[in-house]
Amino acid sequence: MLSSRSIGYICVLITMLIWGGFTITARLNTLWHIGAWDIVALRFGLAFCILMPVLIYKKDTAFLWRKQPFILAMVGGVGYCLSVYSGFYFAPTAHAAIFLSGFLPLCTAVAAYLLLREPFTKDTWLSVVIMLTAIISMSFLMYRSTGVAFGIGDLLFFSGAVCWGIFSVLLKQWKLTAWHTMAGVVIWSTLVYVPIYLLFLPHNIDQAQPIHLIMQTLFHGIFVVILATLTYVEAVKRLGAFKAGSIATLAPFIAAVIAVPLLNEPLSPAVACGLIGMVIGALQPWRWIGRKDSLEKALYKQNKQNQAKNPPQR
């Protein structure tokens, strides 16, 4: 029988594999001629076909008529996906790790300050200094070698990080369950985006191989949208938000390194500098020293209570 902590680590490993796979496969869309408009529609369309019958069967659709699921869908669903998938058409995987995954903690902290008036902690300020140093160094090196510091892909990835930061803060404020969040984002994203896609946006599906369309639809519609959400929530429950989030955040950075031989993508000294700095700033490794996860805290608290009830005999 596996312990609760072991199950937590298994869940966070599954999440890492899916998130890393998301980075690689999203970049593969550019090689397989699948447009950003197409993959967003396919992703939400398949997830809608799976989740909507479940909601109807469970008679659990009343929450959809509240404003919160709709707003979350527009920000963390349509806004995030269009920004990120479009970014991969203009920038390599390593840039996604830097400007998307690397900036997620910072964008979340800024959104929490603006929306909830939560002050920056010392750890956040230290992360900001490290990240800004890495970005300035990277920009300087890129400008010296290419004459360009940032590209449109970097701006799109950063826009995705902003969307996800706002989404995370709103989710914390509104306290929706993982199931209602996932289902609400999928249902409203599909109902709003897919009709617009079918009527007004360009389609590149006819230029892609059917096997590539099937692979991308299944992976992004089931594994990324549904399975990764459930495994990540379970990992947070068993390991704590900081440890689960820190481990899972490594996935895109590892994917950026794997993409060098797998997709023949360049890894210049400038990008390597940015990757290292953003990894340190995002993970905040100094917080791991002496930190107990949620299970260790619960066991420690239980032991203290037992000692209080049964003091040692002298």
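Colleague: Among contacts between residues at least 6 apart in sequence, what share joins residues at least 24 apart?
Modeller: Keep in mind that this is a predicted model. Take the contacts in the chain between residues at least 6 apart in sequence, and ask how many of them join residues at least 24 apart. That share is 89%.

Colleague: And how many helices and strands are there in the chain?
Modeller: Going from the N terminus, the elements run α-α-α-α-α-α-α-α-α-α-α-α. The chain has twelve helices and zero strands.

Colleague: What percentage of the residues is buried?
Modeller: Buried here means under 20% relative accessible area. The chain has 314 residues, and the buried part of them is 46%.

Colleague: How many salt bridges does a search of the whole structure find, and which residue pairs with arginine 27?
Modeller: The search of the whole structure turns up two salt bridges. In one of them, the closest N and O atoms are 2.6 Å apart, and arginine 27 is a partner. Arginine 27 sits in helix H1 and the other residue in the loop between helix H10 (241-262) and H11, so the pair ties together parts 238 residues apart in sequence. That partner is glutamate 265.

Colleague: Is glutamate 265 buried or exposed?
Modeller: The cut-off for buried is under 20% relative accessible area. Arginine 27, at 18% relative accessibility, counts as buried. Glutamate 265 has 8%, so it counts as buried.

Colleague: Which residue meets lysine 172 in a salt bridge?
Modeller: The N to O distance in this bridge is 2.9 Å. Lysine 172 lies in helix H7 (residues 152-174) and its partner in the loop between H5 and H6, so parts 54 residues apart in sequence are tied together.

Colleague: What does helix H6 reach from its first C-alpha to its last?
Modeller: Helix H6 covers residues 122-146, which makes 25 residues. At 1.5 Å a residue, 36 Å is expected, and the helix comes close to that. The reach is 36 Å.

Colleague: Which helices are included in what covers the buried residues of H6?
Modeller: The buried residues of H6 include Val128, Met131, Met138 and Met142. Histidine 95, found in helix H4, touches Met138 and Met142, among others. The cover includes helix H4 (93-101), helix H5 (104-116) and helix H11 (269-283).

Colleague: How far is the nearest cysteine sulfur from that of cysteine 81?
Modeller: A search of the whole structure finds zero disulfides. Cysteine 81 is in no disulfide, and the nearest cysteine sulfur is that of cysteine 163. A disulfide needs sulfur atoms within 2.5 Å, but here the distance is 9.6 Å.

Colleague: How far apart in space are glycine 79 and cysteine 163?
Modeller: Glycine 79 is found in helix H3 (residues 67-87), and it touches Met74 and Cys163, leaving out residues up to four places away in sequence. Glycine 79 and cysteine 163 are 84 residues apart in sequence. From C-alpha to C-alpha, they are 6.5 Å apart.

Colleague: Which helices each supply at least two residues of the nonpolar patch?
Modeller: The patch on the surface is formed by Leu2, Ile10, Ile14, Phe223 and Leu227, with about 400 Å² of accessible area together. Leucine 2 has its place in the segment before H1. The helices asked for are H1 (4-31) and H9 (210-239).

Methods:
Residues are numbered from 1 along each chain as its sequence is written. This is a predicted model: local features need pLDDT of at least 70, side-chain atom pairs count only at pLDDT 80 or more; totals for chains, interfaces and linings use all residues. Side-chain values use heavy atoms; hydrogens and water are left out. Patches are made of residues with over 30% relative accessible area and no salt bridge: like charges are joined within 9 Å, nonpolar side chains (Val, Leu, Ile, Met, Phe, Trp, Tyr) within 5 Å. Accessible areas come from the Shrake-Rupley method with a 1.4 Å probe; for residues, only the protein chains shown count as cover. A salt bridge is a side-chain nitrogen of Lys or Arg within 4 Å of a carboxyl oxygen of Asp or Glu. Helices (H or I, at least four residues) and strands (E, at least two) are DSSP runs, numbered from the N terminus. Buried means under 20% relative accessible area, exposed over 50%, partly exposed in between (1.4 Å probe, protein chains only). Contact means heavy atoms within 4.5 Å. The expected span of a helix is 1.5 Å times one less than its number of residues.
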